[in-house]
Amino acid sequence: FLANAGNSTLARLDFGTSLWNIPTASVVANIPLQSMLHGLAIVWDGTNWIGFATCSVGNNLVRFNFGSSLMNNPVFTDLGNKGIFNGPGAICLINEDNAWYAVVIAGHNTLASLDFGSSLLNDPAVRDFGNPGGFNFAVGLTTVRDCGVTTGYWVNYQTLGELGKLVFGGGGVTGNITGQLLGNIGQLSKPHSFSELFRQNDTLFAYITNRETS
């Protein structure tokens, strides 16, 4: 398990054989010239553990290549601004039909997708959706690929926070993406971060942190 620690430091939490264990923490690396590492996503792409982080002050995207083990020290690649990042936040990685994509909050009112093709080591093509509808200081983001359809949710960071749903036209990232506000559900108060969407039996769950109250 890896997490951002500090403005430009990547840290690893090692739980051993069980998530019930108290983890040991270690600094993986201090990443020079990266300012305010923010969103973080790591996946196994079939041959390597690959991660990405957005820099919400540096306005760039960083890739981590761990190779075959998360215990390795990663190789860092600065993918730059891509012409879209202005205070970027959460990033989610999606595999559709053996192709890799990322959906990222490129700015507080901007959504973008990155098309990596067959490998996350490729330089991605960028699609800028602008405000898909309903973004108002958007921060937390989560997506899920379920029954052949991709769905996403985000939160607007406000005292009276709002939950929104991303609708993927055609069921995938290659189509148009639009936003629908669902209102304040669950007493949101400055909601900030989403957990992953995960399945237990026939039900999907996600958790949201409220910065104002918890």
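Two residues are in contact when heavy atoms of theirs lie within 4.5 Å. Keep that in mind for the first stop of this tour of a predicted model.

**Stop 1: the whole chain**

Take the contacts between residues at least 6 apart in sequence: 40% of them join residues at least 24 apart. Now switch to a cartoon view. How many helices and strands does the chain have? It has zero helices and 19 strands. The radius of gyration is 17 Å, close to the 17 Å that the globule rule gives for 214 residues, so the chain is as compact as a globular protein of that length. Turn the model around. Along the principal axes, the C-alpha atoms fill a box of roughly 40 × 40 × 40 Å.

**Stop 2: the surface**

The accessible area of the chain is about 10600 Å². Carbon and sulfur atoms account for 52% of that area. Of the 214 residues, 44% count as buried.

Next, colour by charge. The chain has 9 positive and 13 negative charges.

**Stop 3: the salt bridges**

Side chains of opposite charge can pair when their charged atoms come close. How many salt bridges are counted here? The count is four.

The partners come from distant parts of the chain, 41 residues apart. Aspartate 123 is in the loop between β10 (110-117) and β11 (125-130). Lysine 82 is in the loop between β7 (75-80) and β8 (91-96). Is aspartate 123 buried or exposed? Its relative accessibility is 55%, and exposed means over 50%, so aspartate 123 counts as exposed. Lysine 82 has a relative accessible area of 25% and is partly exposed.

*Select glutamate 96 and arginine 145.* Their side chains meet in a salt bridge at 3.4 Å, N to O. Glutamate 96 lies in strand β8 and arginine 145 in strand β12 (residues 138-146), so the pair ties together parts that are 49 residues apart in sequence. Now compare the two ends. Glutamate 96 has a relative accessible area of 6%; buried means under 20%, so this residue is buried. Arginine 145 is partly exposed, at 32% relative accessibility.

*Select lysine 190 and glutamate 212.* Here the side chains meet in a salt bridge at 3.7 Å, N to O. The pair links distant parts of the chain, 22 residues apart. Find lysine 190 in the loop between β15 (177-183) and β16 (191-194). Find glutamate 212 in the segment after β19 (208-210). Lysine 190 is partly exposed, with a relative accessible area of 26%. Glutamate 212 is also partly exposed, at 45% relative accessibility.

**Stop 4: two backbone angles**

Most residues other than glycine have a negative phi. The next two selections go the other way.

*Select glutamine 187.* Stay in the loop between β15 and β16. Glutamine 187 is not a glycine, yet its phi is positive, about 55°. Its relative accessibility is 71%, which counts as exposed.

*Select asparagine 201.* Where is asparagine 201? Look in the loop between β17 (198-200) and β18 (203-205). Asparagine 201 is not a glycine either, and its phi is positive, about 55°. At 66% relative accessibility, asparagine 201 counts as exposed.

Definitions and conventions
Residues are numbered from 1 along each chain as its sequence is written. This is a predicted model: local features need pLDDT of at least 70, side-chain atom pairs count only at pLDDT 80 or more; totals for chains, interfaces and linings use all residues. Side-chain values use heavy atoms; hydrogens and water are left out. Helices (H or I, at least four residues) and strands (E, at least two) are DSSP runs, numbered from the N terminus. The radius of gyration is taken over C-alpha atoms; the globule rule is 2.2 Å times the number of residues to the power 0.38. Buried means under 20% relative accessible area, exposed over 50%, partly exposed in between (1.4 Å probe, protein chains only). Accessible areas come from the Shrake-Rupley method with a 1.4 Å probe; for residues, only the protein chains shown count as cover. Lys and Arg count as positive and Asp and Glu as negative; His and the chain ends are not counted. The place of a charge is taken as NZ of Lys, CZ of Arg, CG of Asp or CD of Glu.
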